[in-house]
Amino acid sequence: MIKKILISQPKPASEKSPYYDLAQEHGVEMVFRPFFKVEGISSKEFRQQKISMLDHTAVVFTSRHAIDNYFKLAKELRITIPEDMKYFCLIETIALYIQKYVQYRKRKVFFGTNGKIDGLMPQMLKHKDEKYLVPLSSVHNDDIKNMLDSKGLKHSECVMYRTISNDFTEEEKKDFDYDMLVFFSPTGVKALKKNFPDFKQGDIKIAAFGPATAKEVEAEGMHIDLVAPSKEHPSMTSALKAYLAENK
């Protein structure tokens, strides 16, 4: 019987989150507790990369963290971002987040279709004369760089933030009594093992979002009970809803 679920993400900002509906509908307790946190690099570290923000006419944002740290660094470096700077985002939710910093105008904010760089390509190729800056995490692969190279686009990649383990306190370790753990990234799975080196899964159910996360769960010798997204369940909440209904 699943009564207590650990969601390894920050608590939703809105009370209207589907997680709260799920908790009420199935009588389960949802605990939101990120396994890792993101911190921005310092302006000194950024300068060492020898990249100038103002040498670029467009920015590619892969996450909200990238947006936060781009504008934070601009402020610290006393850089005024030009009004005509263009922003290209992997998905619409990231694009809408830009409103926190600049006025949202369709002629300068663009977004992709599938949350991956190839889904953003048609938009970027319409603006092939732009010089693109791609802010990234300290842990990243070369997929974006390789894709932009293959299309002949002018671009620079730079690190603007890093992911670090959000360690559990001794008190939290004592109260670790969950029936299910929900992971959204390989980093979260690694952080579980870092905090609990002797972790034994036993009867604990594990849900993983995305193939890379699922692969990491299995690499750590654990078994997966639920994987999202799927054709039937595009989100973790819809997959959880079906799983909880099935396993009452």
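Is Leu 90 buried or exposed, and at what relative accessibility? Leu 90 counts as buried because its relative accessibility is 10% (buried is under 20% relative accessible area, exposed over 50%, partly exposed in between, with a 1.4 Å probe and protein chains only). Before the views, please note that this is a predicted model, where local features need pLDDT of at least 70, side-chain atom pairs count only at pLDDT 80 or more, and totals for chains, interfaces and linings use all residues. Residues are numbered from 1 along each chain as its sequence is written, and side-chain values use heavy atoms, with hydrogens and water left out.

**View A. Leu 90 sits in the loop between β5 (86-89) and α4 (92-97).** Helices (H or I, at least four residues) and strands (E, at least two) are DSSP runs, numbered from the N terminus. Leaving aside residues up to four places away in sequence, Leu 90 touches Phe 61, Thr 62, Gly 112, Thr 113, Gly 115, Lys 116, Ile 117 and Leu 120 (contact means heavy atoms within 4.5 Å).

**View B. Ser 8 belongs to the loop between β1 (4-7) and α1.** With 8% relative accessibility, Ser 8 counts as buried. Among the residues it touches, not counting those up to four places away in sequence, are Arg 33, Phe 35 and Phe 183.

**View C. Helix α1 (residues 18-26) packs with helix α10 (residues 236-246).** Their angle is about 5° and their axes are 10 Å apart (axes are lines fitted to C-alpha atoms, for helices over the stretch in contact, and angles run from 0 to 180 degrees between N-to-C directions). Pro 18, Tyr 19, Leu 22, Glu 25 and His 26 of α1 make the contact with α10 residues including Met 236 and Leu 240.
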